[in-house]
Amino acid sequence: MAEPGGRDVIIGRGDGEEESCSGFQGLRFDIGGGSSSSGKSRTKSFHPPIETHWDLNSAAGKKTSSPIKSLLSYPLMKFRKTKSLIMILEGARDPKDKQIVESFRQMLLREGLLPPKHDDYHTLLRFLRMRDFDMLKSKEMFQNYLKWRKDFRVDVLSKEFNFTEYDEVKKCYPHGYHGVDRYGRPVYIERIGMVDLNKLGQVTTFERFIKHHVSEQEKTLKVRFPACSLAAKRHIASTTSILDVNGVGISNFSKPARYLFMEIQKIDSCYYPETLNQLFIINAGSGFRMLWKAVKTFLDVRTVAKIHVLGFNYLSVLLEAIDSSNLPTFLGGNCTCSDYGGCLMSDRGPWKNPEVLEMIQVVNLREEIDGKSEDGDVDIEDSSMPKKVDMQNKDGNSLSLLEEAACAGSDSACSCRLALQKIDCLEASLGDIKNQKIKTLEDVLQDTKMALIEHAQHEERPKM
């Protein structure tokens, strides 16, 4: 995050402090371009929002479309081709980033630390950013991430875990995604002041709630970010969050609350880094501000830099980032989502548009073809995505082609380029099937036409 005048905000840490995901103590903040007060101290710089790594058109002075334009304003056929989809979803890449990401990728491949399922440019860049592009530290963090996914069984969570208590949990822990900010990022809301941990413990367990949180994080990466990218017509890779802490104070930070907070914070910081754009903490009274001094010591310094602690007159600040149509009425906006039982039950956003989901599924075939989960199964059925669209299910030939491509993707050396070629083949095959059916229909019509002509000629012949 740059200060006016092009200066960077730098955080210096004293000697002997280890870098971890759980937060830092004894931090010294220096603003400016000079060196820190201690020559031995290490520094950690804040980077601009992660989307700026792909938003190169603006930097070049080219015109950009309105970020909140709905996909319905544009003919969907413009985005039907896989290449067009990928261009929007991935955006233009900074050559400097591309070079270091590729170097990091090659290092991981040489050491056997990059399964095909995780050979993803965006993922590698997020880990590099989190560790200031230090490849050794990024490698260690990435290794821990892979181990956690295997231990937590993240890739089979959609098959093994069913959060049946979802509605009951929402009543005692109001939270959810609702709309997008002015840039096009998904908006996440929690009403911490209304959380009833005793009731939460009766309707579910902390272990199951944490699994639910991980499931939502996976859905955000696989579905919400791509859907928002298509709606905004530019790459979206982070979330804007709102925490309503009305009535929260020291007494709320009980042992169970600390455990749940620290577990979720560890998961978000260590395994889903650089996915938070900014966090607005609203309705912060004196009690919460005392609590905040203790809480922020558990947070990573990057996270703290993205947090805005606001009092009760927060609305003007929120409206700068989020349009009132995407804010619930309980936050001062215009939306009620009455048809869904309230805004936090609706999961409203571009990711609910069936046509958008269909386009995402085409691109996600890369992962289904190329990526294998750690237990050795290709995760074709993922509950974070709806069931396969009709064009993939109606014809047995298309299904067999998908299965054949998935088998071909079992080789760990397969690249994304090969996966895209297979997707192109699938699209071509589907097009051929459609053309074949049209050709068959035309042949039938032609045969019928010829038969009618022959019949008419027979009727016109003079009878003997």
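## Helix packing, charge pairs and rings

Lys171 counts as exposed, with a relative accessibility of 59% (exposed is over 50%, buried under 20% and partly exposed in between, using a 1.4 Å probe on protein chains only). The model is predicted, so local features need pLDDT of at least 70 and side-chain atom pairs pLDDT 80 or more, while totals for chains, interfaces and linings use all residues. Residues are numbered from 1 along each chain as its sequence is written, and side-chain values use heavy atoms, leaving out hydrogens and water.

**Helix H10**

- Helix H10 takes in the 17 residues 255-271 (helices are DSSP runs of H or I with at least four residues, strands are E runs of at least two, and both are numbered from the N terminus).
- The end C-alpha atoms of H10 sit 24 Å apart, which agrees with the 24 Å that its residues should span at 1.5 Å each (the expected span is 1.5 Å times one less than the number of residues).
- On the buried list for H10 you'll find Ala257, Leu260, Ile264, Gln265, Ile267, Ser269, Cys270 and Tyr271.
- Those buried residues pack against helices H4 (121-130), H5 (135-152), H8 (197-203), H9 (206-232) and H12 (301-305) (contact means heavy atoms within 4.5 Å).

**Salt bridges**

- The structure has 18 salt bridges (a side-chain nitrogen of Lys or Arg within 4 Å of a carboxyl oxygen of Asp or Glu).
- Glu274 and Arg129 make one of them, at 2.7 Å from N to O. Glu274 is in the loop between H10 and strand E8 (276-282) and Arg129 is in helix H4, so this pair ties together parts that are 145 residues apart in sequence. Both Glu274 and Arg129 are buried.
- Back to Lys171: its salt-bridge partner is Glu168, with the closest N and O atoms 3.2 Å apart. The two are three residues apart in helix H7 (residues 166-172), which puts about one helical turn between them. Glu168 is partly exposed, at a relative accessible area of 35%.
- Glu218 and Lys222 meet in a salt bridge too, at 3.9 Å from N to O. They are four residues apart in helix H9, again about one helical turn, and both Glu218 and Lys222 are buried.
- Glu218 and Lys222 also belong to a salt-bridge network that links them with Lys117, Arg149 and Asp155.

**Aromatic pairs**

- The count of aromatic pairs is 13 (rings of Phe, Tyr and Trp, the last by its six-membered ring, with centres within 6.5 Å; planes under 30 degrees apart are stacked, over 60 edge-to-face, the rest tilted).
- Trp148 and Tyr272 are edge-to-face, because their planes meet at 85° with ring centres 5.9 Å apart. Trp148 is in helix H5 and Tyr272 in the loop between H10 and E8, so the pair ties together parts 124 residues apart in sequence. Both Trp148 and Tyr272 are buried.
- Tyr173 and Phe209 are stacked, at 4.9 Å centre to centre and 25° between the planes. Tyr173 belongs to the loop between H7 and strand E5 (175-180) and Phe209 to helix H9, so this pair ties together parts 36 residues apart in sequence. Tyr173 is buried at 7% relative accessible area, and Phe209 is buried at 3%.
- One aromatic cluster is made up of Phe104, Phe127, Phe142 and Tyr145.

**Charges over rings**

- Arg224 has its charged end over the ring of Trp351, 5.6 Å from the ring centre (NZ of Lys or CZ of Arg must be within 6 Å of the centre and within 35 degrees of the ring normal).
- Arg234 does likewise with the ring of Tyr183, its charged end sitting over the ring at 3.7 Å from the centre.
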